[in-house]
Amino acid sequence: MTDHDVLPPVLVMGVSGSGKSTIGQALADALAEQGQPSTFVDADDLHPAANKEKMRQGTPLTDEDRWPWLAACAARIAEVQASGHRCVMANSALKRAYRDRLRSAAPDLVIAFLDGSHDLIAERQAHRHHEYMPSSLLDSQFATLERPQPDETVVAVSIDGSVDDTVATITSALAVTSG
């Protein structure tokens with residue numbers, strides 16, 4: 001594959017507990033199996049320690065906290081794409097401005113929006129442990145969420161089904177979007 005053959009990066013976004021990391025990794029694996037070299041990046045790994053500590057204490061991040069992190073995320077997308085792999089990044093990217101920042105490094109970014117109800121996600125969070133993202137921040141996540149708009153290249157997918165079903169829905173939409 002040449003640099004010109006690298007398919008657009010995919011942002012797997014949604015509120016905490018929507019399954020971004022699980023779906024992102026499964027999506028990268030599925031795309032690789034389809035002959036699309038793909039690298040999964042979990043944006044949580046790019047948060048500075050101060051951000052993680054703030055969230056661990058139950059304090060929502062501010063935009064000022066997020067800008068350097070989003071810059072690191074954008075740089076990582078560009079780095080993966082430059083390597084000849086398709087980047088699949090799990091990142092909450094709750095606000096349009098955050099997605100726009102990522103698009104500044106990857107104008108052809110495709111968004112896979114994991115869409116689920118507050119009740120479903122709260123139920124999922126009750127059965128998991130996250131290193132620094134307590135379930136007490138779920139309300140602030142939903143309050144911050146700006147749903148992707150039609151002018152963004154977006155695939156909205158319900159998280160009501162299985163991981164395999166969700167990934168299949170996204171890969172089918174990517175075939176149309178990227179084809």
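**The charged cluster and the sheet**

Modeller: Arg96 is partly exposed, at 25% relative accessible area. The scale is simple: buried means under 20% relative accessible area, exposed over 50%, and partly exposed in between, using a 1.4 Å probe and protein chains only. The model is predicted, so local features need pLDDT of at least 70 and side-chain atom pairs pLDDT 80 or more, while totals for chains, interfaces and linings use all residues. Numbering starts from 1 along each chain as its sequence is written, and side-chain values use heavy atoms, without hydrogens or water.

Arg96 and Glu152 join their side chains in a salt bridge, at 3.7 Å from N to O. The pair ties distant parts of the chain, 56 residues apart: Arg96 sits in helix H4 (residues 96-105), Glu152 in the loop between helix H6 (138-144) and strand E5 (154-158). Helices (H or I, at least four residues) and strands (E, at least two) are DSSP runs, numbered from the N terminus. A salt bridge needs a side-chain nitrogen of Lys or Arg within 4 Å of a carboxyl oxygen of Asp or Glu. In general, side chains of opposite charge can pair when their charged atoms come close.

Glu152 counts as buried, because its relative accessibility is 3%. Glu152 also forms a salt bridge with Arg99, with the closest N and O atoms 2.8 Å apart. That pair again spans distant parts of the chain: Arg99 lies in H4, 53 residues from Glu152. Arg99 is buried too, because its relative accessible area is 0%. Arg103 meets Glu152 in another salt bridge, at 3.0 Å from N to O. Arg103 is buried, at 15% relative accessible area.

Arg96, Arg99, Asp100, Arg103, Asp151 and Glu152 form a network linked by salt bridges. Across the whole structure, a search finds 10 salt bridges.

Next, the sheet. It is open, has 5 strands in the order E2-E3-E1-E4-E5, and pairs in parallel. Two strands pair if DSSP finds at least two bridges between them. E2 and E5 are the edge strands, each pairing on one side only. From one strand to the next, the twist averages 20°. Axes are lines fitted to C-alpha atoms, for helices over the stretch in contact, and angles run from 0 to 180 degrees between N-to-C directions.

In E2 (residues 38-42), 4 of the 5 residues are buried. E2 runs parallel to E3 (residues 86-90), joined by 5 bridges. Ser38 stands opposite Arg86 in E3. Further in, E1 (residues 10-13) and E4 (residues 110-115) pair in parallel over 4 bridges. Met13 stands opposite Phe113 in E4.

Helix H1 (residues 20-33) packs on the sheet, touching E1, E2, E3 and E4, and its direction makes about 170° with that of E2. Contact means heavy atoms within 4.5 Å. Helix H3 (residues 63-82) lies across E2 and E3, at about 155° to E3.
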